[in-house]
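Q: Can you walk me through this protein? I'd like the overall layout, then some detail.

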Amino acid sequence: MNKRAVIFIAAGAAAVALLLGGALIVGQQQTRSDAASARSALPHTTATAVDPSFGAAGASTAEPTSPPEKAAPAPDAEPGASSQPPAAEVLPPEPDASPGLPPSTPLPVLVTTPLPATASATGKIVHGFPSHLIPTAPQSTVVSSSVASEGSHLQAALTAKSTMSADDVVAYYRTAFAKYGLLDSAAPAGQDSSALNFTRGTNSVTLTVTETRTGCRYIVFGALTAAD
């Protein structure tokens, strides 16, 4: 082979190498351009710094919880006022408005021992008659009186007539017997008469009144027990 042919072959090979090199450069530039276009098409992301304390030991990725907010005070609450309910006010006991009752006065004794001997009288009060307990009504005339005693028991009877009305005689004895605690109640009576029974414990006094043309006629009979 002559030198001219060798030179021609070498020149052809160099030309082929240049062509291949240029095509490779053009291809790389195109690839870079395509990659840049692809990156520009992706959404923009901001890199987040990683906490160095984050480890693979299962550290929580949840966000820290904010402390609970304190409830706002009521609109009408004054600053510094306590939210607890006020303690119940203890009132002092009221003084007793009703005064104490005075001590009761003992009732008078009806009759005492020794009792009088049995006796009777006409037109007057017999000796030993309990006149303090069974008085004679005003405007009266004694018809008869008597006493009878046995042990601690005494019976006393008085028959009289008065110019007072029957109602006035009843009112008089009701007041007189009330002083000794003798309380009255209705008692059986005969025709044209009215009667009341005055009692205190085992003691009793019966008053019977009958209307007359000049006033009334009345009988008082007492069954009494003497106090020791």
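This is a predicted model: local features need pLDDT of at least 70, side-chain atom pairs count only at pLDDT 80 or more; totals for chains, interfaces and linings use all residues.

Q: OK. How many helices and strands are there?
A: The protein has 2 helices and 7 strands. Along the sequence they run α-β-β-β-α-β-β-β-β.

Q: And what share of the residues is buried?
A: Of 228 residues, 20% count as buried.

Q: Let's zoom in. Where is Thr 159?
A: Thr 159 lies in strand β3, which covers residues 153–162.

Q: Buried or exposed?
A: Thr 159 is buried, because its relative accessibility is 13% and the cut-off for buried is under 20%.

Q: Which residues does Thr 159 touch, leaving out those up to four places away in sequence?
A: Thr 141, Val 142, Val 143, Ser 144, Arg 217, Tyr 218 and Ile 219.

Q: Which residue stands opposite Thr 159?
A: Ser 144 does. Strands β2 and β3 run antiparallel, joined by 10 bridges.

Q: What sits between β2 and β3?
A: The two strands form a hairpin with 2 residues between them. In this hairpin, Gly 151 has a positive phi near 65 degrees.

Q: New topic: how many bridges join β1 to β2?
A: There are 4, and these strands run antiparallel. β1 spans residues 119–122 and β2 spans 140–150.

Q: Which residue in β2 is the bridge partner of Ala 121?
A: Ser 145 is the partner.

Note on methods: Residues are numbered from 1 along each chain as its sequence is written. Side-chain values use heavy atoms; hydrogens and water are left out. Buried means under 20% relative accessible area, exposed over 50%, partly exposed in between (1.4 Å probe, protein chains only). Contact means heavy atoms within 4.5 Å. Two strands pair if DSSP finds at least two bridges between them.
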